[in-house]
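The structure comes first, then a short report.

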Amino acid sequence: MQTQLFIDGHWTAPAAGGTFPVVDPATERVIHQAPAGTAADIDRAVAAARRAFDEGPWPRLSGTERAGYLRAIAAAVTARREELARLEVLDNGKPLPEALWDIDDVAGCFGFYAGLAEKLDTDPDEVVALADARFSSSVVLEPMGVVGAIVPWNYPLLMATWKVAPALAAGCTLVLKPSELTPLTALELGAIAEEVGLPPGVLNIVTGLGPEAGAPLTSHPAVDKLAFTGSVPTGRKVMAAAAADIKKVSLELGGKSPFIVFADSDIEKAVEWIMFGIFWNQGQVCSATSRVLIEASAYDAVLERLAAEAARIRIGSGLEEGTLLGPIVSRGQYDKILAAIARGVEQGARIVTGGGRPADRNVGYFLQPTVLADMDETSEVWREEIFGPVVCVKPFTDEADAVRMANDSRFGLAGAVMSKDLVRCERVARALRAGIVWINCSQPTFTEAPWGGYKQSGIGRELGRWGLSNYLEVKQITRYESDDPWGWYIR
Ligand code: NAD
């Protein structure tokens, strides 16, 4: 495990010399002391990224040359697959098979953006049709500059990759600030950057606390673009900091996504996808379908089966064979989830199953898969993101009622709809005010497709070609092609 920051191609101690503890959520034991970066380290990292962008080779390489590095990173991630996945489990708590899935996605994402970097070389500049034939205009895409990337703890290396891979493909340089709850794999990305010979300063990694390392990055005048994934309150601060010098900003924030289940659905399939939508990664998923709306005539049957299946989920350390639900990431998150359940009950929710610590787990931040019902539409559990394995279930009367309830949220990240009537599914998918809608499933995520939210769930899109656009400036080059004098002043 790394003990230093990765700045300008070197491993370096934090200027203030501090560390912060990294805790294994399954054992509550401190497993490492990570370097605590502060404003002075951010200054050094941004200066290195600035130099690498303004004077270094990176933005001047061809897309194909940059793709070579991205493919080498993908290969190095794959070579260290098992080790990186185990670090992710120790840091975040998730079951090992999920962590392996994440690491494969990381390698896949670097490979995908390598392909898009190559395409930058071969795609012809777009020609813009102008109304005045004396002029011609074309569009070139150029890297945005120095990127400040700040990411959360739920998919530590994957969330970093969703920013690092497209930003590198575009020709940007970065300072990455991972979450203080899960700094381990991001630092390993520094080791991989070193191993593949990424030019110094292109990728800098500063671990540290939000206010001490994250905030100085958001307010640094030499950063051109902020790419943030995290909670709405922090996203608001990032946006406010960006406003000071009009930095470009993209935000991937929270959600309270609905899953609408019509009565013609197969109950077993519905319950399977409902559980995948809320218990995968302990429900610590921005797009988790945490509000389940079930057509009234099927409500009792689906709820009963869901409660029975949820109660059977195998809870344990992410490293134990057969675990389907690991611990919550930290004591702080654990307490927040328990408090949200308690407030929900105070406000009228009924605990159908779960609601607390499993009887056989005294140590570790373990929480039972929890199903809540009978809450009011105005209650906090129904409206606010809990970010844990807690699903709220309510009945609806008809399609219009379902769509109204689903859209009655300040969030708009994702949504899901299940029915045998595919025409109805398509209609509901279009009626949902959300950036991602799944039909007859919930959560499958593809590097090729756009990811991001409506309303307070964020600004911009990651992944796919949209993810690359986040890091590209659009420049028009317009030429006067006529031999005739322009003739405005001098006739
Ligand atoms: P968070 O907002 O607490 O922290 C996110 C990051 O911001 C961390 O690295 C943190 O250190 C940093 N930070 C904290 N204060 C800061 C400040 N003042 N200035 C700059 N940086 C600061 O979020 P979290 O608890 O780590 O993550 C959970 C949230 O992330 C949830 O709301 C979830 O929905 C969201 N999320 C969204 C997506 C998405 O794609 N939309 C994906 C994953 C997580």
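The report below covers the ligand site.

## Basis

This is a predicted model: local features need pLDDT of at least 70, side-chain atom pairs count only at pLDDT 80 or more, and totals for chains, interfaces and linings use all residues. Residues are numbered from 1 along each chain as its sequence is written, and side-chain values use heavy atoms, without hydrogens and water.

## The shell

The ligand is surrounded by 28 residues, each with a heavy atom within 4 Å of it. Lys177, Glu180, Ser231, Leu253 and Glu385 are the closest. By type, the shell has 13 nonpolar, 10 polar (Gly counted here) and five charged (Asp, Glu, Lys and Arg) residues.

Helix H7 (210-218) gives the most, four residues. Strand S10 (225-229) and helix H8 (232-244) each supply at least two. Domain 1 (5-253 + 457-477) and domain 2 (258-439) each provide at least three shell residues.

## Polar contacts and cover

Polar contacts are pairs of N or O atoms within 3.5 Å. The side chains of Lys177 and Thr234 each place an N or O atom 2.7 Å from a ligand oxygen. At Gly210 a backbone N or O atom lies 3.5 Å from a ligand oxygen. The protein covers 90% of the 850 Å² of accessible area (Shrake-Rupley, 1.4 Å probe) that the ligand has on its own.

Notes
A polar contact is a pair of N or O atoms within 3.5 Å; within protein, one must be able to donate a hydrogen and the other to accept it, and residues adjacent in sequence count only if both atoms are side-chain atoms. Domain bounds come from an automatic or database domain assignment.
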